[in-house]
Amino acid sequence: MAVNNAHSNPQDPASYFLKLTRQYSLPLPSLITGVQTKMATLAPLRNETQLVQSICAAVLKGGWKNLLTSKTGSGLTTTTVHQVLLQLSLYNHSPSLSWAFFKWMESSIPNYKHSLQSSWTMIHILTKHQHFKTAQCLVEKIAYKDFLSTPSVLSALVRLHDDPDVNSHVCSWLVIVYANSKMTQEALQVLEHMRVHGFRPHLHACTVLLNSLVKDRLTDMVWKVYKKMVRIGVAANIHVYNVLIHACCKSGDVEKAEKLLSEMESKCVLPDLFTYNTLISLYCKKGMHYEALCVQDRMDRGRISPDIVTYNSLIYGFCREGRMREALRLFREIKNATPNHVTYTTLIDGYCRVNGLDEALRLREVMEAKGLYPTVVTYNSILCKLCEEGRIRDANKLLNEMNERKIEPDNITCNTLINAYCKIGDLQSALKVKSKMVDAGLKLDKFTYKALIHGFCKIQEMDSAKELLFSMLEAGFSPSYHTYSWLVDGFCDQHKEETVIRLPDEFVRRGLCADISLYRALIRGFCKREKVDCAQRIFKLMQEKGIPGDSVTHTSLAYAYWKLGKANAASDMLDEMYRRRLMITVKIYKCFNASYAGDSSILSLFWDHMVGRRLMSKSILKDLEQIN
């Protein structure tokens with residue numbers, strides 16, 4: 001694998017490559033077994049050219065074995081092998097002899113391995129003679145050698161053969177190998193090397209790399225690579241545009257997707273079924289049903305028949321918003337396509353969302369009658385609704401049915417049951433599900449921890465809840481504000497405020513980071529319960545640790561003081577906000593309105609005061625103006 005930082009290895013890539021070339025300026029002791037001992041009496045050939053000619057003559061005469069028993073090869077170096085391969089490739093204008101000699105060396109000589117230089121030469125010979133498949137296989141074989149993708153090594157290899165077309169082929173294949181192997185950084189290094197040296201990458205290599213970046217959700221890098229493609233003159237085709245629109249779908253960027261569609265039209269690149277399906281999926285995810293249906297109309301005008309993927313996306317768009325009448329109408333309008341398990345599962349999930357459990361169960365029967373058997377996703381939708389309605393016994397029956405049908409529960413299945421048990425305070429059953437989850441090889445996720453912490457807080461087993469919080473943090477998950485607020489509420493209900501105040505110190509003792517998010521959550525939690533003295537102590541501890549407060553901590557304390565009529569304390573907090581330019585954002589504004597929904601009149605006065613203090617951002621002011 002390529003190494004980005006040369007200092008992570010005792011040798012940097014340039015030194016490493018220099019060592020390789022110097023190494024083979026000496027005789028290769030492993031090249032020909034026993035040659036030096038048997039033929040020590042013969043004088044060495046006068047120069048390398050004669051040596052190359054002698055080896056080539058032996059190969060042409062079919063005297064392969066003579067190379068093992070004679071002393072012709074006693075002075076072979078990497079440079080000699082390089083020259084022999086090139087010389088043999090001139091005979092009959094074919095790489096056959098070179099390739100045969102190349103393979104023979106590794107198969108017949110014990111412990112011999114070709115150097116990077118020899119392999120690179122062979123790849124170039126094969127590529128020049130358009131033996132692309134064999135050349136690609138050899139590229140795949142050497143791609144993972146140390147430092148190959150780094151600029152210094154790649155430059156040294158490329159200089160061996162001054163043929164831009166061949167180098168473009170070989171480097172493009174390297175990009176494909178690295179992209180398909182999820183070695184994104186290496187692929188990007190090779191692409192950059194090609195750009196710098198004026199080698200035009202294959203369109204297919206660019207497509208594979210872009211697709212790999214989209215899969216890894218590296219959206220910003222997708223657009224950087226695309227811009228490089230355009231600059232070096234690689235014209236995008238339908239496959240590239242489809243990958244780019246897919247990137248827009250993953251990032252939810254409707255505007256950019258529409259610009260790409262316009263760009264396609266201007267370049268006479270006609271959208272295909274995949275293009276339209278991706279656009280419809282994007283619009284449906286964003287709740288833009290009219291636009292999605294317009295794309296379907298456009299498909300009809302372009303004589304592109306929608307497939308079941310098209311219909312599934314449209315049905316999903318309506319189901320996720322509970323618009324089951326429109327979803328069912330589309331389902332009945334399906335033509336030239338056959339509904340699959342995704343279609344039925346989407347409808348079942350939609351009915352579960354709108355409290356139509358009976359219709360969901362009926363659809364499951366229809367689905368099975370058509371030979372389409374429910375998957376774990378189908379069961380999860382029904383299970384979630386049963387648990388939501390408190391029908392735990394029916395949920396367990398469904399779980400038994402899954403077991404009989406050999407359908408393995410996933411994290412969603414287990415978390416749904418754990419959450420349901422925690423809500424009714426049955427922690428014993430919740431922990432049994434958790435144990436079965438671990439035994440089945442499933443990993444606890446943030447939803448598992450969140451449900452169990454909430455469950456223990458609900459039954460006032462606060463020490464267990466706290467230990468689970470630390471387990472959650474040690475597993476690499478960040479608790480939300482709500483998770484911390486349950487702990488604050490639980491300990492305060494037991495009059496154990498000191499336990500909460502000591503929480504940051506306990507974080508440090510356990511080797512965990514007590515950052516602003518922890519202090520913010522604790523201050524908000526105490527302020528919500530109007531325990532301002534505790535919130536102020538947390539705020540002071542935070543400042544002593546050198547962690548400055550942010551807009552949330554200051555607004556929480558200012559509003560808590562405001563509610564208690566402590567005008568001076570509130571004013572001091574707001575003055576500090578103004579000095580530090582800590583503004584109220586849209587997110588903070590909406591969050592406080594939701595948290596203090598019962599304080600509408602007091603909160604309204606508070607926001608007016610914030611506007612007067614010039615602590616409201618311009619976007620909030622605009623929202624307030626629209627409301628007024």
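Mentor: We will go from the whole chain to single residues. Keep in mind that this is a predicted model.

Trainee: How many helices and strands does the chain have?

Mentor: Start with the secondary structure. Here the chain has 37 helices and zero strands.

Trainee: What share of the 628 residues is buried?

Mentor: Burial is judged by relative accessible area, with under 20% as the cut-off. In this chain, buried residues make up 47% of the 628 residues. Then look at the outside. The accessible surface is about 32,300 Å². Carbon and sulfur atoms hold 51% of that surface.

Trainee: What do the contacts say about distance along the sequence?

Mentor: Take contacts between residues at least 6 apart in sequence. In this chain, 67% of them join residues at least 24 apart.

Trainee: Which residues have the most contacts inside the largest nonpolar core?

Mentor: Such a core is a set of buried nonpolar residues joined through their side chains. The largest one here has 194 residues, and Phe-101 and Phe-507 have the most contacts inside it. Helix H10 (residues 164–180) gives this core its largest share, ten residues.

Trainee: What is Phe-507 in contact with?

Mentor: Leave aside neighbours within four places in sequence. Phe-507 then contacts Leu-469, Phe-470, Leu-473 and Tyr-484 on one stretch of the list, and Leu-512, Cys-513, Ala-514 and Leu-518 on the other.

Trainee: Why is the pair of Trp-562 and Phe-606 edge-to-face?

Mentor: Check the angle. The ring planes of Trp-562 and Phe-606 stand at 70°, with centres 5.7 Å apart, so the pair is edge-to-face. Trp-562 is in helix H33 (residues 551–563) and Phe-606 is in helix H36 (residues 600–612), so the pair ties together parts 44 residues apart in sequence.

Trainee: Are these two residues buried or partly exposed?

Mentor: Compare each value with the cut-off. Trp-562 has 29% relative accessibility, so Trp-562 counts as partly exposed. Phe-606 has 0%, so Phe-606 counts as buried.

Trainee: Which residues do ring pairs link into a cluster?

Mentor: Follow the pairs from ring to ring. They link Tyr-559, Trp-562, Tyr-589, Phe-592, Tyr-596, Phe-606 and Trp-607.

Trainee: How do I read a single residue?

Mentor: Take Val-532 in helix H32 (residues 532–544). Its relative accessible area is 3%, so Val-532 is buried. Beyond its neighbours within four places, Val-532 contacts Leu-557, Ala-560, Tyr-561 and Leu-564. Its C-alpha atom is 9.9 Å from that of Ala-558, 26 residues apart along the chain.

Trainee: Where is Asn-312 found, and what does Asn-312 touch?

Mentor: Asn-312 is in helix H18 (residues 308–319). At 8% relative accessibility, Asn-312 counts as buried. Residues up to four places away aside, Asn-312 touches Asn-340, Val-342 and Thr-343.

Trainee: And Thr-416?

Mentor: Thr-416 lies in helix H24 (residues 411–423). Its relative accessibility is 14%, so Thr-416 counts as buried. Neighbours within four places aside, Thr-416 contacts Leu-383, Cys-384 and Cys-387.

Trainee: How many disulfides are there?

Mentor: Look at the distance between cysteine sulfur atoms, with a cut-off of 2.5 Å. The count here is zero disulfides. For Cys-249, the nearest cysteine sulfur belongs to Cys-248 and is 8.7 Å away. Cys-249 is buried, with a relative accessible area of 9%. Cys-457 also counts as buried, at 7% relative accessibility.

Definitions and conventions: Residues numbered from 1 in each chain as written. Predicted model: local features only at pLDDT ≥ 70, side-chain atom pairs only at ≥ 80, totals over all residues. Heavy atoms only, no water. Phe/Tyr/Trp six-rings, centres within 6.5 Å; stacked < 30°, edge-to-face > 60°. Helix = DSSP H or I, 4+ residues; strand = E, 2+ residues; numbered from the N terminus. Buried < 20%, exposed > 50% of the residue type's maximum accessible area, 1.4 Å probe, protein only. Core = buried A, V, L, I, M, F, W, Y, C linked by side-chain atoms within 4.5 Å. Contact = heavy atoms within 4.5 Å. Areas by Shrake-Rupley, 256 points an atom, 1.4 Å probe, with all protein chains shown as cover.
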